[in-house]
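Please read the sequence and the structure shown here side by side. The walk-through comes after them.

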Amino acid sequence: MLVLTRKVHQSIVIGDEIEVVVLEVRGEQVRLGIKAPKNVTVHRKEIYEQIVDENKGAADVRPEDVPE
Amino acid sequence: MNTIQTRFGLLEFAPEDVIHFQGGLIGFPNHSQFVVISLKEQSRFRWLQSVEEPSLAFLVAEPQHFVPDYAPTMPEKVARLLGLAEDTPRLVFTTANIPHGKPSEMTLNLAGPLLINAETRMAVQVVLEDEAYTIKHKVFHQAPEPAKVAA
């Protein structure tokens, strides 16, 4: 993993179109601003993983278990 | 008409019925083309059947059938991506999850709705910022304990 040190208001760019800015650091919390093209989705990882699990679950439902 | 052999049997569909999910569903980036099918008439459920992978189908429902006041604000970015104006007809589904053999434990993912532009049939799975909606919304509440009758 690439590790970079940044200060508040500094940013990193990923490829040509994505920029991640450190907006604020307060104790253990870091606020990030993300500029990305509209076809790039950005999610909090834990939420993303839960939705992946729900999607997998929905693809694993047996028709005989579906209520009327 | 195209024909595929799904896990529910042979399915015929017209190319104009296909819905295109931008980037696929979350966790399924390689499957973007689906048709919505019903296995039973008058069911509140549908299957989002992949036309690229015949064994892949997600159970979905229109959330209003279960949560009448479900009306999340869709992020502006999503509306732009799908070309949705205020009056563009749209469809909203949520995935439904039923543990094997336990229909009463069904949950709907209200936090990750599937939003479809009904005119263009372009779609996206949205991740809502609104924390009012949960990923595992229980649909059927436990039946209350029967009241005990005094002897």
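Predicted model: local features only at pLDDT ≥ 70, side-chain atom pairs only at ≥ 80, totals over all residues.

Residues are numbered from 1 along each chain as its sequence is written, and chains are lettered from A and ligands numbered from 1 in the order in which they are written.

Start with chain A. It holds 1 helix and 3 strands. Here helices (H or I, at least four residues) and strands (E, at least two) are DSSP runs, numbered from the N terminus. Read from the N terminus, the order of elements in chain A is β-β-β-α. The C-alpha trace of chain A spans about 55 × 30 × 25 Å along its principal axes. Its radius of gyration is 18 Å, whereas a compact globule of 68 residues would have one near 11 Å. That radius is taken over C-alpha atoms, and the globule rule is 2.2 Å times the number of residues to the power 0.38.

Burial in chain A comes next. Of its 68 residues, 9% count as buried. A residue is buried if 20 or more other C-beta atoms lie within 10 Å of its own, exposed if 12 or fewer, and partly exposed in between; the C-beta atoms are placed from the backbone. Two residues are in contact if their C-beta atoms, placed from the backbone, lie within 7 Å. Among contacts in chain A between residues at least 6 apart in sequence, 0% join residues at least 24 apart.

The strands of chain A form an open antiparallel sheet in the order S1-S2-S3. Strands pair if DSSP finds at least two bridges between them. S1 and S3 (29-35) of chain A are the edge strands; each has a single partner, so one side of each is left without a neighbour in the sheet. From one strand to the next, the twist averages 25°. For such angles, axes are lines fitted to C-alpha atoms, for helices over the stretch in contact, and angles run from 0 to 180 degrees between N-to-C directions. S1(A) and S2 (residues 18-26) of chain A run antiparallel and are joined by 4 bridges. Ser11(A) has Val21(A) in S2(A) as its bridge partner.

Two residues stand out by their backbone. Most residues other than glycine have a negative phi. His9(A) is not a glycine, yet its phi is positive, about 75°. His9(A) sits in the segment before S1 (11-14) of chain A. It is exposed, with 10 other C-beta atoms within 10 Å. Arg121(B) also has a positive phi, about 60°, without being a glycine. Arg121(B) lies in the loop between S9 and S10 of chain B. It counts as partly exposed, with 17 C-beta neighbours inside 10 Å.

S1 (residues 2-6) and S2(B) pair antiparallel over 5 bridges. They form a hairpin with 2 residues between them. Asn2(B) stands opposite Phe13(B) in S2(B). S2 (residues 9-13) of chain B is hardly covered: the count of buried residues among its 5 residues is 0.

Phe13(B) also touches Val51(B). Where is Val51(B) placed? It is in the loop between S5 and S6 of chain B. Val51(B) is buried, with 20 other C-beta atoms within 10 Å. Leaving out residues up to four places away in sequence, its contacts include Ile4(B), Val18(B) and Phe34(B).

Last comes the core. A nonpolar core is a set of buried Ala, Val, Leu, Ile, Met, Phe, Trp, Tyr and Cys residues joined through C-beta atoms within 7 Å. The largest one has 36 residues, and those with the most contacts inside it include Ala58(A), Phe58(B) and Ala123(B). H1 (45-59) of chain A supplies at least two residues of this core, as do several strands of chain B, among them S3 (19-21) and S10 (122-125). S6(B) provides the largest share, 5 residues. Beyond its neighbours within four places in sequence, Ala123(B) is in contact with residues including Ile19(B), Phe21(B) and Leu115(B).
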